[in-house]
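The entries follow in the order in which I looked them up.

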Amino acid sequence: MAGSGRLAALPCGKVSKWIVLALWIVAIAVSFGPASKLTGAQENDAVSWLPGNAESTEVLKASAQFSSPDEIPAVLVYVRDSGITPADLQAVKDQVAQFGQLQDVDRPVVAPIPSEDKKALQVLVPINAGSGGWETIGARADDIRRIAAERPDGLSFHLTGPGGFAADSQEAFAGIDGKLLYSAAAVVIIILLLTYRSPVLWLLPLISAGVALFAAQAVVYLLATKADLTVNAQSAGILTVLVFGAGTDYALLLVARYREELRRHEDRHEAMAFALHRSGPAILASGSTVVAGMLCLLLASMNSTRGLGPVAAVGIVVAVLAMLTLLPALLVIFGRWVFWPLRPTYGSDDHTETSVWGRIGRRIAIRPRLTWVVTSLALGAASLGMLTLDANGLTNEESFTGTPDSVVGEKVVAAHFPAGAGNPLVVVSNADQAAEVRTAMESTEGIASVAAPRTAGGLAYIEGTMTDAVDTQAAKDTVDRVRASVHAVDGADAIAGGGAAILLDTQRASNHDNKVIIPVVLGVVLLILALLLRALVAPALLVATVVLSFGAALGLSALLFHHVLGFEGADPSLPLFVFVFLVALGIDYNIFLMTRVHEESKVHGTRRGALIGVAATGGVITSAGLVLAGTFAVLATMPVVAFAEIGIAVALGVLLDTIVVRSVLVTALNLDIGRHLWWPSKLAKKRDPEPGEDLAEEEPEPSLAGS
């Protein structure tokens with residue numbers, strides 16, 4: 001194993017492999033407890049999702065002395081189309097008394113408010129979610145529905161408002177970790193069975209990915225409880241998908257190289273050492289790029305986006321560690337038979353370069369320039385679909401793939417009360433100027449009524465009911481007008497928040513994050529590729545293909561959302577999430593391909609190296625893409641539109657990236673540009689075969705690199 005590197009030999013030594021396995025067994029035993037508590041450590045309250053410096057966030061904090069910042073009002077609406085009867089009114093009053101006795105209802109329940117048409121009654125139940133977040137809201141919602149079930153016949157009931165939507169969201173995310181885990185595992189099993197055609201081999205990458213996930217969840221739990229890392233349902237769900245998808249990608253690359261080396265080395269320990277020595281740097285570079293890309297999310301102003309960065313980075317670090325230590329140890333322990341029935345024997349022929357991708361590479365070599373020009377134009381045309389993407393936010397109705405009771409209730413409230421009832425616009429100001437602030441607020445277009453100020457600690461708390469539903473553009477416009485009005489009150493230091501303000505600030509923060517983070521991620525990826533490939537031309541071209549791939553994926557997704565799935569819009573964070581995942585993960589496939597091309601170019605020249613590279617990695621990249629696309633597509637099964645859109649867009653983008661961009665477009669560019677890809681390194685001076693030589697028909701020689 002001389003020359004293969006001491007570090008590469010560690011997980012696959014005849015003794016050290018057992019030590020590595022024992023260490024991972026200890027790690028999983030230690031991780032099991034913390035990992036199982038991650039759901040309880042999630043913060044799904046409003047502040048954990050909001051922009052940290054937004055005015056609406058400041059209002060939530062300033063309102064703490066008037067009511068708990070964790071207090072979420074549930075809006076209950078009772079309706080009888082023929083008109084509310086005295087019996088209905090008395091029954092609702094009796095229920096109000098019961099609502100007030102519920103756990104976590106710390107302030108008085110607002111008595112039944114009749115609508116002007118006398119057909120509906122509205123009740124506001126303030127629920128203090130405390131540290132329980134969605135779990136508490138969901139439990140109290142169940143209690144409210146149980147009490148409301150005992151009502152007169154013909155009197156309909158709906159639970160809506162912030163509390164109703166929080167309860168429906170909690171139900172949508174209930175068991176998400178388990179659902180995503182089992183679904184992702186099922187996808188990985190199916191694709192690995194199809195890839196390896198072995199009844200046993202698939203188990204080892206799956207076990208390694210599962211161990212990595214539990215270890216990552218344990219680390220994230222410790223960071224959440226000891227280092228104030230913000231973890232919510234979104235980041236925890238994506239962690240599961242990311243570790244399974246990316247971890248299996250790294251496993252596929254390692255196993256493919258190990259299979260090559262088993263044909264060249266009689267000792268499987270030596271074969272694995274060479275496989276790790278050759279593929280390890282690519283896996284480390286890929287993982288480092290993803291980690292760097294994810295950590296760029298720390299620049300986000302949205303708390304939920306910023307928290308996702310470290311969570312995802314931890315998942316990738318642990319996945320890389322598992323695939324470079326645990327998986328090699330398991331493969332060496334089990335031996336060659338684990339590949340049965342396609343067992344690679346020493347000295348057997350390697351048919352990689354006569355595979356489908358080997359033949360495709362030689363076809364591309366006939367007219368490489370025409371291939372990359374046509375492919376680029378097609379992807380550019382697909383990118384035009386982005387013009388139809390409405391990423392300005394989702395209304396409450398548009399946020400779910402189905403129609404939960406909170407959505408129905410919102411429509412009922414809008415039909416009988418001012419549309420903003422139950423979810424007020426809140427202004428906090430200095431108490432001395434409360435009267436002037438209230439007057440300024442009342443005179444603003446879009447405000448139906450303003451309650452009397454409440455004062456405490458030198459501050460005034462003022463609630464206003466808007467004429468429009470809080471999730472509409474009209475309500476957001478009202479927020480801007482109210483802010484302008486109250487800010488103009490001299491000495492008041494007034495700030496405006498509430499439901500509509502939260503949506504508006506979230507939209508603006510997401511737009512800001514898109515403009516800041518996307519260029520930074522591109523710069524980081526370009527730098528890492530330049531260091532890895534020791535060149536400038538190739539990294540610049542690869543980054544350009546990544547951007548083109550992202551544009552095509554988002555454009556096609558936008559058309560699919562609107563014309564096929566019927567989604568009315570998209571979350572403002574969708575472009576950023578899709579970009580980060582596609583660029584950070586898509587660059588994996590660039591690295592898998594180009595490190596092999598770089599390696600082979602030293603021996604055969606760039607054009608020949610490009611053919612060998614695509615033949616050797618095309619199948620691996622395609623399989624890896626199918627795994628990653630399949631695991632992200634699992635998110636599309638969630639009844640939450642934002643999750644479904646992320647899953648669909650990333651899955652579609654990964655498929656485009658692996659099948660079209662990486663293996664066709666990049667290969668065509670490699671063949672057309674040749675050695676100049678590596679400028680300004682010495683490899684740029686290595687002669688390629690002359691353009692007139694018939695590379696397309698020449699049968700490639702077996703690669704000697706790494707043997």
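The model is a predicted one.

Entry 1, aromatic pairs. I searched the whole structure and found 10 aromatic pairs. I noted for Phe577 and Phe581 a tilted pair, with 6.5 Å centre to centre and 45° between the planes. Phe577 and Phe581 lie four residues apart in helix H20 (residues 574-604), so about one helical turn separates them. Both Phe577 and Phe581 are buried. I also recorded that Phe577, Phe581 and Phe632 form one aromatic cluster.

I looked up Tyr589 and Phe592, which form an edge-to-face pair at 6.1 Å centre to centre, with 80° between the planes. Tyr589 and Phe592 are three residues apart in helix H20 and therefore about one helical turn apart. Is Phe592 buried or exposed? Its relative accessible area is 2%, so Phe592 is buried. Tyr589 has a relative accessible area of 0% and is therefore buried.

I examined helix H4 (residues 55-62) against helix H18 (residues 499-533): they pack at an angle of about 140°, and their axes are 8 Å apart. H4 and H18 are therefore oblique to each other. On the H4 side I listed Glu55, Ser56 and Leu60 as making the contact, and on the H18 side Ala501, Ile502 and Asp505. By class, the residues of this contact of H4 with H18 are three nonpolar, one polar and two charged.

Note on methods. Residues are numbered from 1 along each chain as its sequence is written. This is a predicted model: local features need pLDDT of at least 70, side-chain atom pairs count only at pLDDT 80 or more; totals for chains, interfaces and linings use all residues. Side-chain values use heavy atoms; hydrogens and water are left out. Axes are lines fitted to C-alpha atoms, for helices over the stretch in contact, and angles run from 0 to 180 degrees between N-to-C directions. Helices (H or I, at least four residues) and strands (E, at least two) are DSSP runs, numbered from the N terminus. Angles under 35 degrees count as roughly parallel, over 145 as roughly antiparallel, 65 to 115 as roughly perpendicular and the rest as oblique. Contact means heavy atoms within 4.5 Å. Ala, Val, Leu, Ile, Met, Phe, Trp, Tyr, Cys and Pro count as nonpolar, Asp, Glu, Lys and Arg as charged, and the others, Gly among them, as polar. Rings of Phe, Tyr and Trp (its six-membered ring) pair if their centres lie within 6.5 Å; planes under 30 degrees apart count as stacked, over 60 as edge-to-face and the rest as tilted. Buried means under 20% relative accessible area, exposed over 50%, partly exposed in between (1.4 Å probe, protein chains only).
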